[in-house]
Amino acid sequence: MIAYTYKEGLYLNITNRCPNRCTFCVRQYQDGVGGHNLILKEEPTIAEILAAVEEYPDYDEIIFCGYGEPTCRLDVILNVGRELKKRGCHLRLNTNGQGNLINGYNIVPDLGEVIDYISISLNAQDAETYHEICQSDYGREAYSELLHFIEESIKHISHVRLTVVAVPGVDIEACHAIAEKFQIDLMVR
Ligand code: SF4
């Protein structure tokens, strides 16, 4: 399934790829969320994604997500995003913050052209904990790059939020302190 609704938003499932293997990731034990099967046989094209959006004309907030990490398909975010911005849509990106590593350059200025609201998974208070919980393909470098991605997002995107999942080993207070240092919100899930 490419597009599905949840609460007030229309979610676009654009990829199943992800460089992380988070211990809490729902993909390990189910094929989707909310009764929607989100396993993609093939990644959808830009035209297929725009066609899927057409089926839900009443949703003003559209969220790039995945059953995976959406910045694995940066070209899709930018091209679909530009088209949806022309239609006046409010666009959100849910990301693990590894997009600069995935794409090999600082993608945030480009994202800032189309994304109004970015929700970034902080997931840990330090690099070692992040490495244990998120098991990124990029190893221990992933966390410092994640912090850099957050800094860049604050410069280029109007609304930035962090999230963390309360699992053993995560120091929620320390995560709040990081969010406070950046002067942005933290949502605990
Ligand atoms: S970053 Fe998201 S999609 Fe990737 S493994 Fe972690 S929870 Fe799953």
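Biologist: What makes Tyr4, Tyr6 and Tyr11 a cluster?
Modeller: Ring pairs link Tyr4, Tyr6 and Tyr11. Keep in mind that this is a predicted model. A search of the whole structure turns up 4 aromatic pairs.

Biologist: Why is the pair of Tyr4 and Tyr11 called stacked?
Modeller: Rings pair if their centres lie within 6.5 Å, and planes under 30 degrees apart count as stacked. Tyr4 and Tyr11 are 5.4 Å centre to centre with 20° between the planes, so the pair is stacked.

Biologist: And why is the pair of Tyr56 and Tyr59 called edge-to-face?
Modeller: That label needs planes over 60 degrees apart.

Biologist: How do you know whether Tyr4 and Tyr11 are buried or exposed?
Modeller: Buried means under 20% relative accessible area. Tyr4 has 7% and Tyr11 has 12%, so both count as buried.

Biologist: Where does the ligand sit?
Modeller: In the largest pocket, which has a volume of about 1,100 Å³. Of the 38 lining residues, the closest to the pocket's centre are Val26, Cys65, Gly66, Asn94 and Arg189.

Biologist: Which residues are around the ligand?
Modeller: Among them are Cys18, Arg21, Phe24 and Asn96. By class, the shell has 4 nonpolar, 3 polar and 2 charged residues.

Terms used
Residues numbered from 1 in each chain as written. Predicted model: local features only at pLDDT ≥ 70, side-chain atom pairs only at ≥ 80, totals over all residues. Heavy atoms only, no water. 1 Å grid on protein atoms, 1.4 Å probe; cavity = no way out; pocket = protein on both sides within 12 Å on 5 of 7 lines; lining within 4 Å. Points joined across faces, edges and corners; volume = space filled by probe spheres on them. Near = heavy atom within 4 Å. Sits in = over half its atoms within 2 Å of the grid points. Nonpolar A, V, L, I, M, F, W, Y, C, P; charged D, E, K, R; others polar. Phe/Tyr/Trp six-rings, centres within 6.5 Å; stacked < 30°, edge-to-face > 60°. Buried < 20%, exposed > 50% of the residue type's maximum accessible area, 1.4 Å probe, protein only.
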